[in-house]
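This briefing walks through selected helices, strands, cores and single residues of the structure shown below. Please keep the sequence at hand while reading.

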Amino acid sequence: MSKIELKPSCVFEEFAKINQIPRPSKREEKMIEYLKNWGESHQLDTRVDETGNVIIRKPATPGMEDRKTVILQSHFDMVCDKLVDVEFDFDKDAIQTYVDGEWLKAKGTTLGADDGIGCAIELAILRSDDVEHGPLECVFTRDEETQLTGASGMEAGFMTGDYLINLDSEDEGQVFVSCAGGKTTTASFSYTKEEAPEGYFFMRGSIKGLTGGHSGDDIEKKRANAIKILARFLYLESGKCDLRLAAFNSGRMHNAIPRDGSFTIAVPHDAKEQVKADWNIFTCEVEEEYHVTDTAMVFAMESTDAEKVLPKDCALRIIRALQAVDNGVFAICQDEALGGMVETSSNVASVVTADDNLTIVASQRSNVMSNLENQCNTVKAAFELAGAEVVQNDGYPAWKMNPNSKLTALVEETYERLFGKKPIVRGIHAGLECGLFSERYPNLDMVSFGPTLRYVHTPDERLLIPTVDMVWRHLLEILKNIPAK
């Protein structure tokens, strides 16, 4: 079978160049410099605001100067995750891509198509000399993946357009007109570690190979959460023997479902065989529970070196909190126009053990801001009951659907004309920068769409190559038909 063609070539050329540039969230300086130099080298009006967002303006093609100004917008940071046995430095190394059938993938790391492919589409349009369009503002935002700080810190008046097309969605053929708001809850337990009792046996339990995924897009898919699984076992065993916790580590990003993790415990010497037996039974049960969504999970239990442990009372409070805290889908949207979409959810994202504290991060999302507050309080209360110090960030707002959107109507009409079918118009449970833009620019008419991505925020991230050309053709048709001012 012949190798699939990477088209449009102008987009994939730009994406390949982007993937040579390290751009972890909050460490995107090289990408900011690249975009600034790119715009200036193409003799285009280029600006960088104090936050680090970049805007490149391109005048209308001849005869289209009277059209409304369109903003194309993507974020240039990426989630950095890799397989546990892959050596890779996201601050120095280039992403290595390869083609697998119709999919573009990366070798053992996240691909960076979220949202590097959106940036590549924008650059391809900026460099083109055969695309018809009115005035364009191509906006590239930083640090979307942590807490949308690029969009939230954007300089007032940075964008001046009438319509905004966000290129950060992951299902070709779907047009998003609403998104969830979100907050992050951080719970910290402080302690002074101590020696384990005499005659205790140290064991390390671990899990890897879970499917994971985006904590917004994938939360309804009932995939296993490594933290909740490991905490579940610890809770069971803490009721059977004098279990002492030495370490618990799992997860890396606040917006990803954790795929691997481990704990270190000490148990009385005469309990170790029963713990091992319980582990074997427990893991078989979990594998059966997730036999559809997580088919490659790998469990291990082994002896390990002795180390200091957390005070027993503190450890039990942590274990109980992790057993009790809400995780997964909390509510489904009641608005029929949004088609049974997840409305409210929470994801326990990471646990990190240090010498004197253990920190848990959980992220909450909702398309209804009052229910977001309720869910945040539900999670906060569980940790407060356990005696943790709890902090919640300011979060970001939901983007409400505009039932009178002229841009949505144009996007639907052009899609149907090109492909002979209607696109699906819907909301998304993930957070988009459109929520913040809707606060800053209340009259801005917005939609979001993009090529098909799967398993974002994981090393299995992949881009469906043919959908890039579909999005490209659709976008060009939209730009050609933007109405006059």
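Helix α10, residues 406-419, has 14 residues and reaches 20 Å from its first C-alpha to its last, close to the 20 Å expected at 1.5 Å a residue; the expected span is 1.5 Å times one less than the number of residues. Helices (H or I, at least four residues) and strands (E, at least two) are DSSP runs, numbered from the N terminus. The model is predicted, so that local features need pLDDT of at least 70 and side-chain atom pairs count only at pLDDT 80 or more, while totals for chains, interfaces and linings use all residues. Residues are numbered from 1 along each chain as its sequence is written, and side-chain values use heavy atoms, with hydrogens and water left out.

**Helix α10**

- The buried residues of α10 are Leu407, Thr408, Leu410, Val411, Thr414, Tyr415 and Phe419, where buried means under 20% relative accessible area, exposed over 50% and partly exposed in between, for a 1.4 Å probe and protein chains only.
- Seen down the axis of α10, these buried residues fall within an arc of 160°, so they line one face of the helix; the arc is that of the directions from the helix axis to the C-beta atoms.
- The buried residues of α10 pack against β7 (163-166), β8 (174-179), β20 (424-428), β21 (445-448) and α12 (465-480), with contact meaning heavy atoms within 4.5 Å.
- At the start of α10, a side-chain oxygen of Ser405 comes to within 3.4 Å of the backbone nitrogen of Leu407, and just after the helix Gly420 takes a positive phi of about 70°.

**Strand pairing**

- Strand β10 (residues 200-208) is mostly covered, since seven of its nine residues are buried.
- Eight bridges join β10 to the antiparallel strand β14 (residues 261-268), with Tyr200 opposite Pro268; two strands pair if DSSP finds at least two bridges between them.
- β10 also pairs in the antiparallel sense with β15 (residues 298-303) over six bridges, and Met203 stands opposite Ser303 in β15.
- An open sheet of four strands has the order β4-β5-β23-β22, with antiparallel pairing; β4 (97-100) and β22 (453-454) stand at its edges, each with a single partner strand, so one side of each is left without a neighbour in the sheet.

**Nonpolar cores**

- The largest nonpolar core has 59 residues, and those with the most contacts inside it are Val11, Phe140, Ile165, Phe449, Leu463 and Leu475; such a core is a set of buried Ala, Val, Leu, Ile, Met, Phe, Trp, Tyr and Cys residues joined through side-chain atoms within 4.5 Å.
- Helix α3 (residues 113-127) gives the most to this core, with nine residues.

- Leu72 lies in strand β3 (residues 70-75) and counts as buried at 0% relative accessibility.
- Leaving aside neighbours within four places in sequence, Leu72 is in contact with residues including Glu122, Ile125, Ile165 and Leu475, and its C-alpha atom is separated by 8.6 Å from that of Tyr163, 91 residues apart along the chain.
- Asn367, placed in the loop between β18 (357-366) and α9 (369-385), counts as buried at 13% relative accessibility.
- The side chain of Asn367 reaches the backbone oxygen of Cys179 at 3.4 Å.

Conventions:
Polar contact = N/O pair within 3.5 Å; in protein donor to acceptor, adjacent residues only side chain to side chain.
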